[in-house]
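Notebook open, structure loaded. I'm jotting down what I look up as I go.

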Amino acid sequence: NAVHGPLRSDDRPADSGLPQWLAKYEKLGIEPKRRDYCAVLSHSDDRLGRLVALLAELKIDDPTLVICHSDNGGMIDKFPGNNGPLRGAKGMTYEGGIRVPAAIRWTGVIPPGTVSHASAVHFDLFTTILAAAGIEQPKSNGRHAVSGLSLLPHLKSGGETPLPDRFLFWDLYGKLAAIHGDWKIVATIDNHHGKWDQALAKIAETNFELYNLATDLGEKQNVAANH
């Protein structure tokens with residue numbers, strides 16, 4: 001689960017990184033908390049490299065779909081994460097909490113070196129993997145609908161084939177967001193503990209912030225009053 005806590009912090013003066021990686025960043029003069037963070041990241045990178053090398057050794061790297069992604073943005077209060085120009089961090093529904101990198105490789109199927117800025121979400125990977133394996137997506141998971149879509153047409157085209165138009169929603173204990181195209185709304189209500197009738201009542205009386213991610217990725221200009 002790297003990179004993840006426990007990591008060195010003010011209340012935990014112990015390293016989680018391995019000595020060889022810690023030594024690398026000590027030589028670079030990185031302060032202890034950031035050094036431990038970088039060491040755990042280097043460990044994760046190294047192990048991913050070993051997995052990819054093993055696929056090649058077993059001669060199954062070409063027919064193997066490899067997906068590497070994060071689950072949420074970095075923590076910037078307790079741990080020395082860095083979300084670049086993005087506002088917020090893990091546990092928030094600003095872009096610093098929910099926008100994460102992803103790298104996908106499938107030799108001979110996905111054109112190498114292509115970049116996509118399309119909005120995909122984690123549950124799309126379930127559908128994508130089923131499509132890659134030639135398995136039909138089930139209509140439901142128990143009493144819940146299966147909402148993901150296959151990213152394969154988009155990936156195979158190098159990002160040229162657009163993803164279907166849709167709305168994406170987040171709810172993290174009352175921290176809310178919704179995205180459609182370049183537009184995003186954000187707000188916070190009391191934790192509704194899954195009682196959706198209470199959540200809807202709170203949402204109806206809440207003023208949402210509005211951002212255009214195409215021109216304001218850092219979510220600095222709330223344009224709700226203008227739109």
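My rule for a charge over a ring: NZ of Lys or CZ of Arg has to be within 6 Å of the ring centre and within 35 degrees of the ring normal. With that in hand, I found the charged end of R87 over the ring of Y94, 3.9 Å from its centre.

Housekeeping before I go on. This is a predicted model, so I take local features only at pLDDT of at least 70 and side-chain atom pairs only at pLDDT 80 or more, while totals for chains, interfaces and linings use all residues. Residues are numbered from 1 along each chain as its sequence is written, and side-chain values use heavy atoms, with hydrogens and water left out.

**Aromatic pairs**

How many aromatic pairs does the structure hold? I got two. I count rings of Phe, Tyr and Trp (its six-membered ring) as a pair if their centres lie within 6.5 Å; planes under 30 degrees apart are stacked, over 60 edge-to-face, and the rest tilted.

Y94 and Y211 make an edge-to-face pair, 6.5 Å centre to centre with 70° between the planes. This pair ties together distant parts of the chain: Y94 is in the loop between β1 (66–69) and α3 (95–98), Y211 in strand β8 (residues 209–212), and they are 117 residues apart. My helices (H or I, at least four residues) and strands (E, at least two) are DSSP runs numbered from the N terminus.

Are Y94 and Y211 buried or exposed? Both are buried. By that I mean under 20% relative accessible area, with exposed over 50% and partly exposed in between (1.4 Å probe, protein chains only).

F167 and F169 form a stacked pair, 6.5 Å centre to centre and 20° between the planes. Both of these Phe residues are exposed.

**Helix α1**

I listed the buried residues of α1 (residues 19–27) and got W21, L22 and Y25. Down the axis of α1 they fall within an arc of 100°, so they line one face of the helix; the arc is taken from the directions from the helix axis to the C-beta atoms. P19 and K27, on the other side of α1, are exposed. The buried residues pack against α2, where contact means heavy atoms within 4.5 Å. Just after α1, I noted a positive phi of about 80° at G29.

**V40**

V40 is in helix α2 (residues 32–57) and is buried, at 9% relative accessible area. Which residues does V40 touch, leaving aside neighbours within four places in sequence? I found contacts with A2, V3, L7, S16 and G17. S16 is 24 residues from V40 in sequence, yet 6.9 Å away in space, C-alpha to C-alpha.
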